[in-house]
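Please read the points below with the sequence and the model open beside you, and go through them in order.

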Amino acid sequence: LYQIGIAGVGTLILKRLPTTFGIGFFLGLISLAIQQNVIISVSYWGFYEPGKSKANKVFGMIALVLAFVYTGLALLLAHFREF
C-alpha cells in the first residue's frame with residue numbers, strides 16, 4: 001500500500017504542488033521506500049533455503065530492483081528539483 005501511495009502522492013506533488021517543500025517531502029518519501037525495499041530484500045534472502053521454493057529469493061530480488069528504480073528516481077528528482 002505504501003508503494004501505491006507514493007505513486008498517488010508523487011503525482012499530486014509534481015502536478016499541483018511543485019514547490020521546494022513539496023519536492024523535498026516527496027524525496028523523503030522516496031528515501032523511506034528505498035530503505036524499506038532494501039530491508040525487505042535482505043530479510044527475504046535470509047529466509048531462502050536451498051532445495052525449497054525460490055519464491056523468497058525472487059521476492060527479495062524484486063524488492064532490490066525496485067529499490068534501484070527508486071534510487072534512480074530520487075537522483076533525477078534531486079538533480080532537476082530547481083526546474
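1. From the N terminus on, the elements of the chain run α-α-α, and the chain holds three helices and zero strands; helices (H or I, at least four residues) and strands (E, at least two) are DSSP runs, numbered from the N terminus.

2. This is a predicted model, in which local features need pLDDT of at least 70 and side-chain atom pairs count only at pLDDT 80 or more, while totals for chains, interfaces and linings use all residues. Residues are numbered from 1 along each chain as its sequence is written, and side-chain values use heavy atoms, with hydrogens and water left out.

3. The C-alpha trace of the chain spans about 50 × 25 × 15 Å along its principal axes. The chain has a radius of gyration of 15 Å, whereas a compact globule of 83 residues would have one near 12 Å (taken over C-alpha atoms, with the globule rule being 2.2 Å times the number of residues to the power 0.38).

4. Helix α1 (residues 2-16) packs with α2 at an angle of about 160 degrees, their axes being 10 Å apart; axes are lines fitted to C-alpha atoms, for helices over the stretch in contact, and angles run from 0 to 180 degrees between N-to-C directions. The two helices α1 and α2 are therefore roughly antiparallel, a term for angles over 145 degrees.

5. The residues of the contact of α1 with α2 divide into eleven nonpolar, five polar and no charged, where Ala, Val, Leu, Ile, Met, Phe, Trp, Tyr, Cys and Pro count as nonpolar, Asp, Glu, Lys and Arg as charged, and the others, Gly among them, as polar.

6. Helix α3 (residues 55-79) and α2 also pack at an angle of about 160 degrees, with their axes 8 Å apart, and α2 and α3 are therefore roughly antiparallel to each other. The residues of the contact of α2 with α3 divide into 21 nonpolar, five polar and one charged.

7. Where does N37 lie, and is N37 buried or exposed? N37 is placed in helix α2 (residues 20-46), and N37 counts as buried because its relative accessibility is 3%, the cut-off for buried being under 20% relative accessible area, with a 1.4 Å probe and protein chains only. Not counting residues up to four places away in sequence, N37 touches Q3, A63, L66, A67 and Y70.

Methods: Buried < 20%, exposed > 50% of the residue type's maximum accessible area, 1.4 Å probe, protein only. Contact = heavy atoms within 4.5 Å. Parallel < 35°, antiparallel > 145°, perpendicular 65-115°, else oblique.
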